[in-house]
Amino acid sequence: QYVRHLAVTKSAGAIENAERLWDIQRWMHLPSEVTLQRAFIDNRPSMWFFNVYYGGAHVPAAGALLIWVFFWHRDRYATIRATFALTIAGCIAIQAWIPLAPPRFLTELGFVDAGLKYGMSVYGTGGQGISNEVAAMPSLHWAWAFLVAIAVWRIASGRWRWLGPIHLVLTALAVTVTANHWWLDGAVAGVVLAIAYVVQRNARIALSVLRARFGVQRDESATPGERGNESVADRPLSNA
């Protein structure tokens, strides 16, 4: 939170960076967020749902994942926890380095601030909200939703495993329809998540090698769950 607060002071060029990103997305022929928003913006029930989902599902979904894995799949917890933490660190580092305005700031392109329009903004007017408003790239909403989707799909069974992908789809719609994030905010978030997983995996493998080389033994007095947290270095995220 402290680092994100420091990032607020680096806002110069946020609008210009957003305009460049818009041009890049047009060059890449990505779907237009404006067109998608226009399909929903005048439908009050839909916009109420997406505004609530944007502001209210992001943190609880990630928290629920960590709690669920910690108590019921402890052997997977360390991998997910470390990936989660490193993803946050990576996203915040980029946000502090490159300020980027969200689509709702670019009204000249046709975007509407859906939160303000329906009186449901979590940011308010003039940067008085709960978060840095020019830190759209990469999106923590996207990053956390990716992690929830992958983890739930791989760990859960039966119909429950669909909860992860459904959350990802709803998050993707919520962040774009409300004009809070660009498509490429999600793409970069996915790359950060992948790098975070590789870093934590290799670090845990290296730590295991060092322990073995110097004869460091694990604490056998630890609970099975705690020992499981130390033995998942070779577990791929696809199994975690």
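Predicted model: local features only at pLDDT ≥ 70, side-chain atom pairs only at ≥ 80, totals over all residues.
Trainee: What's the order of elements from the N terminus on?

Mentor: It reads α-α-α-α-α-α-α-α-α-α-α.

Trainee: What share of the residues is buried?

Mentor: Buried residues are 42% of the 240 in the protein chain.

Trainee: Now contacts. Of those with a separation of 6 or more, what part comes from residues 24 or more positions apart?

Mentor: In the protein chain, that part is 82%.

Trainee: Let's do helix pairs. What describes two packed helices?

Mentor: The angle between the axes and the distance between the axes.

Trainee: Good. At what angle do α5 and α6 pack?

Mentor: At about 150°, and their axes are 7 Å apart. Helix α5 covers residues 58–72.

Trainee: So what do we call that arrangement of α5 and α6?

Mentor: Roughly antiparallel, because the cut-off for that word is over 145 degrees.

Trainee: Left-handed or right-handed, that crossing of α5 and α6?

Mentor: The α5 and α6 crossing is left-handed.

Trainee: Which residues make the contact?

Mentor: From α5, you have Ala 62, Leu 65, Leu 66, Val 69, Phe 70 and Trp 72. From α6, you have Arg 74, Arg 76, Tyr 77, Ile 80, Arg 81 and Phe 84.

Trainee: How does the contact of α5 with α6 split by class?

Mentor: Nine residues are nonpolar, three are charged and no polar ones take part.

Trainee: Next pair. How do the axes of α6 and α10 cross?

Mentor: They come within 8 Å and cross at roughly 130°. Helix α6 spans residues 74–97, and helix α10 spans residues 183–213. That angle makes α6 oblique to α10.

Trainee: Left-handed or right-handed, when α6 passes α10?

Mentor: Right-handed.

Trainee: Who's in the contact on each side?

Mentor: The α6 side has Ala 78, Thr 79, Arg 81, Ala 82, Thr 83, Leu 86, Thr 87, Gly 90, Cys 91 and Ile 94. The α10 side has Val 188, Val 192, Leu 193, Ala 196, Tyr 197, Val 199, Gln 200 and Arg 204.

Trainee: And the classes for α6 with α10?

Mentor: That contact has 11 nonpolar, five polar and two charged residues.

Trainee: Switching to loops. Where is the cis peptide bond?

Mentor: It joins Met 137 and Pro 138, with omega about -15°. Pro 138 is in the loop between α7 and α8.

Trainee: What about Ser 139? Where does that one lie?

Mentor: Also in the loop between α7 and α8, which cover 114–117 and 140–155.

Trainee: Is Ser 139 buried or exposed?

Mentor: Ser 139 counts as buried, because its relative accessibility is 0%.

Trainee: What does Ser 139 touch?

Mentor: His 181, Asp 185 and Ala 189, leaving out residues up to four places away in sequence.

Trainee: What is phi for His 29?

Mentor: Near 60°, a positive value in a residue other than glycine. His 29 sits in the loop between α2 (14–27) and α3 (33–40). With 70% relative accessibility, His 29 counts as exposed.

Trainee: And what is phi for Ala 179?

Mentor: Near 65°, again positive in a residue other than glycine. Ala 179 lies in the loop between α9 (163–177) and α10. Its relative accessible area is 0%, so Ala 179 is buried.

Trainee: Where is Thr 176?

Mentor: In helix α9. Thr 176 is buried, with a relative accessible area of 0%.

Trainee: What does Thr 176 touch?

Mentor: Glu 33, Leu 36, His 181 and Trp 183, not counting residues up to four places away in sequence. The C-alpha atoms of Thr 176 and Ser 32 are separated by 9.6 Å, while the two residues are 144 residues apart along the chain.

Trainee: Last one. Which helix holds Gly 190?

Mentor: Helix α10. Gly 190 is partly exposed, with a relative accessible area of 22%. Its C-alpha atom is separated by 9.3 Å from that of Trp 144, 46 residues apart along the chain.

Technical notes. Residues numbered from 1 in each chain as written. Heavy atoms only, no water. Axes fitted to C-alpha atoms, helices over the stretch in contact; angles between N-to-C directions. Helix = DSSP H or I, 4+ residues; strand = E, 2+ residues; numbered from the N terminus. Parallel < 35°, antiparallel > 145°, perpendicular 65-115°, else oblique. Left-handed = near helix turned anticlockwise from the far one by under 90°. Contact = heavy atoms within 4.5 Å. Nonpolar A, V, L, I, M, F, W, Y, C, P; charged D, E, K, R; others polar. Buried < 20%, exposed > 50% of the residue type's maximum accessible area, 1.4 Å probe, protein only.
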